[in-house]
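Please read these points with the model open beside you.

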Amino acid sequence: MEKQERIKIKDRRGEDLLRAVITDIRWERVILHLEMRLSGPLASTDPVGLALVLVSERGYANGKFRLEESRCGQEGVLLKLSMNITNPGFGMCLANGQYRLAILHGEDLVCVPQVELKVAGLLSEKSHIFLRGMLHVGYSVVFSLAEGEDLEMVIICQNMERKDSDPLYEKDLPIFGVRQNPPNLIVRWIRRQHRPTIRSMYAFHRAFRKKDAVKKRVLFLSEQSEKLGGNLTAVIERMKERGLDDAFTITTSARNIKGIGHYGIRSWNALMKKAADADYIFVDDHVPFMDWLILAPETQIVQLWHAGAGYKSSGYSRWGHLDAPAPFCGHRQYDYGITASRSIAHFFSEVFGINTERILPTGMPRMDRYLDPGNRERVTKEFYEKNPGLREKKIILFAPTFRGMDRKQAYYPFDLIDQEALYEACGDEYVVLFKMHPWVKDKVPLAEHLKDRLYDFSSYPDINDLYYVADLLITDYSSSVFEFSLMRKPMLFFAFDELEYAYTRGFHREYRPACPGKICNTFAELVQAIRDKDFEFEKNAPYLAYHFDHIDTGARDRVIDWFLLGEMPAEIKAPAEARERENEWLKRLDFSEWQ
């Protein structure tokens, strides 16, 4: 592909077309928010046509702020802008270096923003260090003032693990990407040895890959479980129902890489051959080897994330918390991700560190079965046949998420549950089914004399099936709210550790405004809400409207049609294409003569 000529930026600051003052700086997780006041001819005629970009020391436009709001005030036009510091637009963190802010009108430099005096005195406080790994490495964003009389702000970015040069445009290798070394010297030595070997396996199989002009190859891959399920299985089954297993070669790989660690050279070689042969790879969770093995750019990778839009932070929204990802990780390699609606796409793009336009509203494939009326009728019938004593009762499903950092540490503080009070609140109307998170291994310690109303259903295979029969869900920060909301039934949220959870695990959005039900911070409040039937159910309808573009059984077909058959609707494809055109334009901008 012929390299496009760079566009020399014309400096028109001397014409006094625009004046800009930064009036506030704040952080929302990894999102940097700026508020700015504009004045001058261009402020009143075309504020939307302006672009605030970050310019590197080498004269590249390495990121662009997104305009969130524009309104007229007494002192001029007021703008609210934002930038995801883990992905300013090109799907990677800013490289180490110093960046200046520039406002463009078309390809003309019309203004360099100044910092309001009161904000200038707070720049050191506004600076941020995002710790990650085991909290001994991180990424810093420091605000400072450029030399000179003008209060011009500069942004200094530094990955505090290794020093990299600058530009942003070598897509064959990550700018950053060395993950934290384990403390055990033997494990460290083994890791150093096996990664080059596995890379060589992949390169070998890719070099000798046989091209099949007739049948494209699709790999369904999980490195989190030794059995495929959820969205991956749902898409495979639908492909076979439609006879597409004749048009595509379907391969699968399922390993629990965080398990015992028994995968030897044969397992890795088999996986590398499947990955090298694949034209498409579908995953439904983090794939650790993609943190350090860059797959061929011709292979389309689609993340069919297993969870809906809950509250717990993950991926890059966890920066600043324990075990957050490195500046480069496997999430960066996704060509697309999926979501249930355009409105919540930004939650997933923040997690993955890719552009929001690449998160497409197909819906969740595994929920086609869940939303099928026939399946609901069959499952409900089977449930009551197995549990006839519950047929005449209303069912409260108690299904919180775990506490602790990972699978090994997972627990739930059962001592907070006042079983006697809950039993009394049930009366003759309710029973309670406890369905604990699969990572919580301890059984619910139910008192024997309460077991005619309180039941431990933690071993029940599919929580979605329990949503059919439940009349009320009690949860906390779990993504179960996503599926249960579709049943149009009330929910209560037992958030006894709301603040602690926000500061340690972290939320990827404001918790209280996003909950489609009443929040209770004590168990006494929870019991009283059950007694009073005070569920704040009116929040359910707005939640559904915001979180679901489609409430149907067509998610699997949309995934197949859009990604495999090339039948993506123009209105779905257009935003991503527009973003790519904007990125190509930004890459061509040349600020090298701006001093």
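1. Helix H6 covers residues 265-277, which is 13 residues, and it reaches 18 Å from its first C-alpha to its last. That is close to the 18 Å expected at 1.5 Å a residue, where the expected span is 1.5 Å times one less than the number of residues. Helices (H or I, at least four residues) and strands (E, at least two) are DSSP runs, numbered from the N terminus. The buried residues of H6 are Trp 268, Leu 271, Met 272, Ala 275, Ala 276 and Asp 277. Buried means under 20% relative accessible area, exposed means over 50%, and partly exposed lies in between (1.4 Å probe, protein chains only).

2. A word on the source. This is a predicted model, in which local features need pLDDT of at least 70 and side-chain atom pairs count only at pLDDT 80 or more, while totals for chains, interfaces and linings use all residues. Residues are numbered from 1 along each chain as its sequence is written, and side-chain values use heavy atoms, with hydrogens and water left out.

3. Trp 268 of H6 is among the helix's buried residues, and the charged end of Arg 255 sits over its ring, 4.1 Å from the centre. A charge sits over a ring if NZ of Lys or CZ of Arg is within 6 Å of the ring centre and within 35 degrees of the ring normal. Arg 100 lies over the face of Trp 594 in a like manner, at 3.9 Å from the ring centre.

4. How many aromatic pairs are there by the rule used here? The count comes to 30. Rings of Phe, Tyr and Trp (its six-membered ring) pair if their centres lie within 6.5 Å; planes under 30 degrees apart count as stacked, over 60 as edge-to-face and the rest as tilted. Phe 220 counts as buried because its relative accessibility is 0%, and Phe 282 counts as buried because its value is 0%.

5. Why is the pair of Tyr 477 and Tyr 511 called edge-to-face? The ring centres are 5.1 Å apart and the planes are at 65°, so the pair falls in that class. Tyr 477 lies in the loop between strand S24 (472-475) and helix H12 (480-484), and Tyr 511 lies in helix H14 (residues 511-514), so the pair ties together parts that are 34 residues apart in sequence. Tyr 477 is buried at 0% relative accessibility, and Tyr 511 is buried at 4%. Elsewhere, Phe 398, Tyr 412, Phe 414, Phe 434, Phe 494, Phe 496 and Phe 523 form one aromatic cluster.

6. A search of the whole structure finds two cavities of 30 Å³ or more. On a 1 Å grid over the protein atoms alone, a cavity is a set of points where a 1.4 Å probe fits but cannot get out, and lining residues have an atom within 4 Å of a point. The largest cavity holds about 80 Å³ of space, where a volume is the space filled by probe spheres set on the points.

7. The lining of the largest cavity includes Ala 340, Met 364, Phe 548, His 550 and Asp 552. Helix H8 (367-371) and helix H17 (555-564) are the elements that give two or more residues to this lining. The largest share, three residues, comes from H8. By type, the lining residues divide into seven nonpolar, two polar and three charged. Here Ala, Val, Leu, Ile, Met, Phe, Trp, Tyr, Cys and Pro count as nonpolar, Asp, Glu, Lys and Arg as charged, and the others, Gly among them, as polar.

8. Finally, some backbone angles. Most residues other than glycine have a negative phi. Arg 29 is not a glycine, yet it has a positive phi of about 55°. Arg 29 is found in the loop between strand S3 (19-28) and strand S4 (31-39), and it counts as partly exposed because its relative accessibility is 23%. Lys 533 also has a positive phi, near 55°. Lys 533 lies in the loop between helix H15 (523-532) and helix H16 (540-547), and it is partly exposed, with a relative accessible area of 41%.

Note on methods: On a 1 Å grid over the protein atoms alone, a cavity is a set of points where a 1.4 Å probe fits but cannot get out, and a pocket is an open set with protein on both sides within 12 Å along at least five of seven lines; lining residues have an atom within 4 Å of a point.
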